[in-house]
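Please look over the structure shown here with its interfaces, helix packing and local backbone features in mind. The briefing that follows takes these topics in turn.

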There are 4 protein chains.
Amino acid sequence: MNQILLIDCLDQKGLVYNITKQVYGRNLNIISNQEFVDTDSGHFFMRTVVEGNNLDDAFLRSLKAVLPDGANIRLTAIKKRPIVILATKEPHCLGDLLLRNAYGELPCDVKAVVSNHATLQSLAVSFGIPFHHIPVEGMSRIEHEDKVSECIQGYSPDFLVLAKYMRVFSPEFVTKYPSRIINIHHSFLPAFAGASPYRQAFERGVKIIGATSHFVTDQLDEGPIISQNVIPVNHTFSADGMAQAGRDIEKNVLAAALKLVLEERVFIFRDKTVVFE
Amino acid sequence: MNQILLIDCLDQKGLVYNITKQVYGRNLNIISNQEFVDTDSGHFFMRTVVEGNNLDDAFLRSLKAVLPDGANIRLTAIKKRPIVILATKEPHCLGDLLLRNAYGELPCDVKAVVSNHATLQSLAVSFGIPFHHIPVEGMSRIEHEDKVSECIQGYSPDFLVLAKYMRVFSPEFVTKYPSRIINIHHSFLPAFAGASPYRQAFERGVKIIGATSHFVTDQLDEGPIISQNVIPVNHTFSADGMAQAGRDIEKNVLAAALKLVLEERVFIFRDKTVVFE
Amino acid sequence: MNQILLIDCLDQKGLVYNITKQVYGRNLNIISNQEFVDTDSGHFFMRTVVEGNNLDDAFLRSLKAVLPDGANIRLTAIKKRPIVILATKEPHCLGDLLLRNAYGELPCDVKAVVSNHATLQSLAVSFGIPFHHIPVEGMSRIEHEDKVSECIQGYSPDFLVLAKYMRVFSPEFVTKYPSRIINIHHSFLPAFAGASPYRQAFERGVKIIGATSHFVTDQLDEGPIISQNVIPVNHTFSADGMAQAGRDIEKNVLAAALKLVLEERVFIFRDKTVVFE
Amino acid sequence: MNQILLIDCLDQKGLVYNITKQVYGRNLNIISNQEFVDTDSGHFFMRTVVEGNNLDDAFLRSLKAVLPDGANIRLTAIKKRPIVILATKEPHCLGDLLLRNAYGELPCDVKAVVSNHATLQSLAVSFGIPFHHIPVEGMSRIEHEDKVSECIQGYSPDFLVLAKYMRVFSPEFVTKYPSRIINIHHSFLPAFAGASPYRQAFERGVKIIGATSHFVTDQLDEGPIISQNVIPVNHTFSADGMAQAGRDIEKNVLAAALKLVLEERVFIFRDKTVVFE
């Protein structure tokens, strides 16, 4: 088993030297090392994969001592991470994630599927995943979110994945999972934010449509973008035809973004991401 | 030499039969035939390439007799079309079009280059194309546009191509060239309309940038889209880096759109295009 | 319900007129019409979607009378087509097809999954699809193919889909399903035909990898290509990493090709396809 | 002015630490740092951009002392590099490079254009670049190459760029410019190596065509690949149509590869490249 070390801090001379000195001092082998300096903000980012499982709290303390104040350090072992998926009625993203989960294509362990509809129950069950139907009828938004939250907490997930979950969360809900909710939006954001993006794309007559996976913040469709992809369309596509064609990239973009997050390749910095592919 | 016949009208039964009957009655060979029906609006589009040069006014009259009222019919011979290019300071789109023009890659004949700056004069001259520098200093917008318009009129162009012309035309100017001004916008519209799209893209942290070629209408960046393309970017791209990377697709998208227009493959219908590729 | 009419024949003047005359004579509405003439061979292709279900044998006879000798005419109702999927051990293509089948994304009805291994049994069963394990051990190739063939015949499929079926069929087997076996090859053919294409791609150091869906003929990896797609890779990809990255396009390319075939958009002509998208 | 340090050597523990220690010991700021370890071969690659111009021979000696035997070290200042372009009759790649050269889009200085035909003389001259027409008529291959070589030597170029130069060099010629000749091949190698790739692609009926830029070795079309790109085609493309469509990617791929080489982002290792984008 290997470990991943993520560091971001104010840039200064000698950072790479000082960090790798600590690792070398432990006689550990660096398998992969990536750095980036955002020159506008003078901020430094580094992702290091270290062989073995020997980095400990003492190491982190010695590392902190050579880094500028306010440095963020994250040390993770490479392992399967628990996640919970939320979906509504559309099966393509959920089905794709469950397939990948079942066959080890993603380093995660899907603990449960939660939905505001019963539609996808049989799909989840066919993969042996617990399914929780939490309808919104007769409840306030806050009551519904509390129920969802309670259900999720039982699984202690590292990440929530919104696989075409067609409800908007309140800022209060989002705050409970800072930088830990991943959404797929069915347009090439910031084009066609909000409702019915394929209808909007059809009306505008675009020649390319897209999908965007991003972290959820309390600003709708404004969270840091992790991954995007597009496909060509033309005048023969109806809005429904665009929606159908878009499903292939929606599921692939969501899976790609989730993989990047699970492999600890993504830093969130202000409203954007630094992604070490 | 061949002829291109473009027809659009309300859809009804027997249109293809009735149209091809007229062509067959003249004993002419159809080289290529494309149709499309917009089912939302019930509108029919057809592009037919006919061998030879024998379609005449009498043919058009007999054709009109079998089509619904209000049908649009356009008959064009395949030949080089006169165009005028407007540019400002950036050479990549202009240079690319002049190269393609010089080596016969586009069925057009660039008559002149008009600019509000002198920067690109030597580029135009090196390709033997007249260059007109019409500075804006000391003139009102209307006065400047009148000068530009007067200069253009001398060349009787079929199309105006805005190859990174960084000024916005007044509705009065646009009205003079209905459906005949082709622009390249350096973003994936409708994302990042308006000024500084690469700066906007950088601020938003998108993972893909694009370029859009469209007809100019009196609504800024809202005209019917002809062609779009995109390239991936990431966190290592500054706004300037995005601008640099974007140039390759800007010039290719503009050239592709212009080729489609020159080959009479584009219908404008309401705010969108039907493009028979 | 609508009907699809596919015609291919030697090109001659008046074909579109003569064909649409027959349709108009029946007072039927053409929803969509696409033609193509291969100028090298002088061969004509046409795909017409006609409203309703009224085209019958009498119509086909009257149509044949106005077409050149040797014309191929195919009339199909738009409906779900029975297919059988063959797979070996890899779940991504099979799982993707089963998901699309279950949720109506493809106009087909998967009747059974046949495999030379038991690995994918639970996947098929979880979607309620019969699974037949036909091991090769202790059998000659011909004996095995006979068993497979016998099993398939019970389902009378219109098409066989090889979803990463890792065995090569004998010409005798292929002859039983002319133009009806669809394969996915995990490379951008004709690059890396044969075994271990990702290993070959890795060794060659290519910067893009691809997937190809094609009809199976008795020439290995030489059948008419239906659809292809690619993704970028770089020096950080191992052969395994390429294989993993390639799965996303393999499944999408196979599903796209199958959709084109099921919707009767594909003509096979000599060693190539004409695809009306 | 900044410096670029390229190191490749056998991998061992502490390399990043030992290298950055030397840089830090000089009190220099690292602007960018990229590493890669090829795990199959156990080979280490690192590209470091250091602020300023202070790395000297003494530094290189101290660096060599901490690296394994046989390490390759290359230190380059970031500046415009002299190149010579060879072309034959097609203007699109040459014209594109001359435009980029004229407007500072590439960190190079085109010293001359050499051709076996006179066709492109006016194009080179219009950009103020010396043009040398060296016809092959009445000469042996070796005699011609000697003349070309003599002409090139007068310009002492760092790199030769084959911008659709349609002759194959002898191994003797190639040996004079090890890892310094960059070619554009008009196919997605290794598909369609050799002559007439678009004709081959047309015959095979592929749905995507490509272009490949690679270093020239004494094995035709087998040199290390730097960059590749593709575009979709379909049955309506003739071989000529594919050639025309392919020009846009040929020129962009060649320019992209040249940019990578000029910016010292490319390592050649055995038959492949490591490219730090």
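**Chain interfaces and salt bridges**

Between chain C and chain D the count is zero salt bridges, a salt bridge being a side-chain nitrogen of Lys or Arg within 4 Å of a carboxyl oxygen of Asp or Glu. This is a predicted model, in which local features need pLDDT of at least 70 and side-chain atom pairs count only at pLDDT 80 or more, while totals for chains, interfaces and linings use all residues; side-chain values use heavy atoms, with hydrogens and water left out. Residues are numbered from 1 along each chain as its sequence is written, and chains are lettered from A and ligands numbered from 1 in the order in which they are written.

*Chain C with chain D*

- The contact takes 32 residues from chain C and 32 residues from chain D, where contact means heavy atoms within 4.5 Å.
- About 2,700 Å² is buried between chain C and chain D, and carbon and sulfur atoms give 61% of that area; buried area here is the accessible area (1.4 Å probe) that two parts lose on being put together, summed over both.
- On the side of chain C, Arg204(C), Lys207(C) and His235(C) supply 27% of the area buried against chain D, more than any other three residues.

*Chain A with chain B*

- In this pair, 31 residues of chain A are in contact with 31 residues of chain B.
- The two chains, A and B, bury about 2,700 Å² between them, with 61% of it on carbon and sulfur atoms.
- Arg204(A), Lys207(A) and His235(A) are the residues of chain A that lose the most area to chain B, and together they make up 27% of what that side buries.
- The number of salt bridges between chain A and chain B is zero.

*Salt bridges*

- Side chains of opposite charge can pair when their charged atoms come close.
- Over all chains, the count comes to 60 salt bridges.
- One salt bridge joins the side chains of Arg26(A) and Asp56(A), at 3.3 Å from N to O.
- Arg26(A) lies in the loop between helix H1 (15-25) and strand S2 (30-38) of chain A, and Asp56(A) in the loop between strand S3 (43-50) and helix H2 (57-66) of chain A, so the pair ties together parts that are 30 residues apart in sequence. Helices (H or I, at least four residues) and strands (E, at least two) are DSSP runs, numbered from the N terminus.

**Helix packing**

*H3(B) with H3(D)*

- Helix H3 (residues 92-102) of chain B packs against helix H3 (residues 92-102) of chain D at an angle of about 150°, with the axes 10 Å apart; axes are lines fitted to C-alpha atoms, for helices over the stretch in contact, and angles run from 0 to 180 degrees between N-to-C directions.
- H3(B) and H3(D) are therefore roughly antiparallel to each other, given that angles under 35 degrees count as roughly parallel, over 145 as roughly antiparallel, 65 to 115 as roughly perpendicular and the rest as oblique.
- Gly95(B), Asp96(B) and Leu99(B) of H3(B) make the contact with Gly95(D), Asp96(D) and Leu99(D) of H3(D).
- By class, this contact of H3(B) with H3(D) has two nonpolar, two polar and two charged residues, with Ala, Val, Leu, Ile, Met, Phe, Trp, Tyr, Cys and Pro counted as nonpolar, Asp, Glu, Lys and Arg as charged, and the others, Gly among them, as polar.

*H1(D) with H2(D)*

- Within chain D, the axes of helix H1 (residues 15-25) and helix H2 (residues 57-66) come within 10 Å and cross at roughly 155°, which makes H1(D) roughly antiparallel to H2(D).
- Asn18(D), Ile19(D), Gln22(D) and Val23(D) in H1(D) meet Phe59(D), Ser62(D), Leu63(D) and Val66(D) in H2(D).
- The residues of the contact of H1(D) with H2(D) divide into five nonpolar, three polar and no charged.

*H3(A) with H8(A)*

- Within chain A, the axes of helix H3 (residues 92-102) and helix H8 (residues 239-262) come within 9 Å and cross at roughly 45°, which makes H3(A) oblique to H8(A).
- By class, the contact of H3(A) with H8(A) has five nonpolar, two polar and five charged residues.

**Local backbone features**

- Most residues other than glycine have a negative phi, and most peptide bonds are trans.
- Leu189(A) and Pro190(A) are joined by a cis peptide bond with omega of about 10°, and Pro190(A) is placed in the loop between strand S9 (181-185) and helix H7 (197-204) of chain A.
- In chain D, the peptide bond from Leu189(D) to Pro190(D) is cis, with omega near 5°.
- Lys164(A), a residue other than glycine, has a positive phi near 65°, and Lys164(A) is found in the loop between strand S8 (159-162) and helix H6 (171-176) of chain A.
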